[in-house]
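This report describes selected features of one protein structure with its ligand. Please keep the sequence and the structure in view while reading.

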Amino acid sequence: MKINSNYLKLKDSYLFSLIAKKVDEFRNQHPQKDIIRLGIGDVTLPLVPAVVDAMHRAVSEMGNAETFKGYGEEQGYAFLRQAVCNYYAKKGIMIDIDEVFISDGAKSDLGNILDIFDTDNKVIIPDPVYPVYVDTNIMAGREIIFINGNVHNNFLPLPDESLDGDIVYICSPNNPTGAVYTREQLKIWVDWALERQAVILFDSAYEAFIQDNNLPTSIYQIPGAKSCAIEFCSLSKTAGFTGTRCGYTVVPFELERSNASLNKLWLRRQTTKFNGVPYIVQRGAEAVFTETGLKQIKDNIDYYIDNAGIIADTLTELGIWFTGGRNSPYIWLKCPNNMSSWEFFDFLLYNCKIVGTPGIGFGNKGEGFFRLTAFGKRQNVTEAMVRIRQTKF
Ligand code: PLP
């Protein structure tokens, strides 16, 4: 018996346990001080009424012999897949109901999609980025090429002629940097992928936070993308589904590699290894896409975006370099005075009683940077900015 030894190559993830340890130490030394957490990547506002009502109705259906549901289609009920198609249609993107796959969230699909690709493929991953891309590829034993985000490219790396790879991850708006690719920049990626027959795995988990109408909220707004990209989306941050669990992935019919339809391969994979998302959750997700649901989730997103704006305004005033914050719940700042990510973590904790996330936790190129999130309560965000303004960096 041999284990998958690639798992032994994974680095332990100390990030959040080390943050918790440092916060506990501080609290033991200063029990009377109130700490503000601007590091959380989880939402704080509850599910909106349209979703709650729909789920209540679905619970009643499940308790009635006439309307009870057992197994559903693995790729999701048609009512929800149609709602997703309608949502895309509003963006001017026409997709077929059978190009949409409902899942229990983007994290699962982003990891599981690798099942349909050979391990020999070279994968390109931006640094810094959401750590799931790196770890799932290490587990599969795939060769990883990192492309660097930095101040010069605003943490939006682009391919050059020499860049060679088969699969590339693009996350826009990005976690942790909050940076968003423009249409022109995404076109460069699409053209690059079409030329090499590579596949783009486009993570649009934060698309609903984009405020600027000129910025693309889907890779399919770029001509040619349906022949080279799979798009992953989630209701987690969009509609507060982090604990409820629902997302969707679009695999276009046009996307073929090695004479095989990736849509068919993914359908085969899902129907074999996945048994679908609960009916009650799918009814809740369907309600997100109704007129009332969209209005209600927009109010919540606006609340977080206003929080992000308060943080961004303060950093602008203080002359601290940052990305994100306008079209994303994340603000990625350069640590003042060339502090390292962890030095700034300690500085902020001890001087301002604020907890954030050290950038180094998202990749080597995150060293010297820091992530703040806008998912907190307004009062806390405002108070945190007062404290930062009063601090001498
Ligand atoms: N993609 C990115 C960039 C994320 O930041 C997250 C969650 O933080 C996910 C995907 C996962 O989302 P889900 O809750 O749908 O699994």
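Which atom of Ala 106 lies 2.8 Å from an oxygen atom of the ligand? It is a backbone N or O atom of Ala 106. The model discussed here is predicted.

For the side chain of Lys 237, the corresponding distance to a ligand oxygen atom is 2.9 Å. Taken alone, the ligand exposes 390 Å², and the protein buries 91% of that area.

## The shell around the ligand

The elements that contribute two or more residues to this shell are helix H4, residues 106-112, and helix H7, residues 236-239. The largest share, three residues, is provided by H4.

There are 14 residues around the ligand, and those that come nearest are Ala 106, Asp 203, Tyr 206, Ser 234 and Ser 236. By residue class, the shell consists of six nonpolar, four polar and four charged residues.

## Packing of helices H1 and H11

Two packed helices are described by the angle between their axes and the distance between the axes. Helix H1, residues 15-29, packs against helix H11, residues 341-352, at an angle of about 30 degrees, and their axes are 11 Å apart. The crossing of H1 past H11 is right-handed.

On the side of H1, the contact is made by Leu 15, Leu 18, Ile 19, Lys 22, Val 23, Phe 26 and Gln 29. H11 contributes Trp 342, Phe 345, Asp 346, Leu 349 and Tyr 350. Nine residues of this contact are nonpolar, one is polar and two are charged.

Most residues other than glycine have a negative phi, and most peptide bonds are trans. Against this background, where do the cis bonds of this model that are described here occur? Another joins Asn 175 and Pro 176, with omega of about 20 degrees. Pro 173 lies in the loop between strand S5, residues 167-171, and helix H6, residues 183-196. Pro 176 is likewise placed in the loop between S5 and H6.

Gln 197 is not a glycine, yet its phi is positive, at about 60 degrees. This residue lies in the loop between H6 and strand S6, residues 199-203.

Conventions:
Residues are numbered from 1 along each chain as its sequence is written. This is a predicted model: local features need pLDDT of at least 70, side-chain atom pairs count only at pLDDT 80 or more; totals for chains, interfaces and linings use all residues. Side-chain values use heavy atoms; hydrogens and water are left out. A residue is near a molecule or strand if one of its heavy atoms lies within 4 Å of it. A polar contact is a pair of N or O atoms within 3.5 Å; within protein, one must be able to donate a hydrogen and the other to accept it, and residues adjacent in sequence count only if both atoms are side-chain atoms. Accessible areas come from the Shrake-Rupley method with a 1.4 Å probe; for residues, only the protein chains shown count as cover. Helices (H or I, at least four residues) and strands (E, at least two) are DSSP runs, numbered from the N terminus. Ala, Val, Leu, Ile, Met, Phe, Trp, Tyr, Cys and Pro count as nonpolar, Asp, Glu, Lys and Arg as charged, and the others, Gly among them, as polar. Axes are lines fitted to C-alpha atoms, for helices over the stretch in contact, and angles run from 0 to 180 degrees between N-to-C directions. A crossing is left-handed if the near helix is turned anticlockwise from the far one by less than a right angle, and right-handed if clockwise. Contact means heavy atoms within 4.5 Å.
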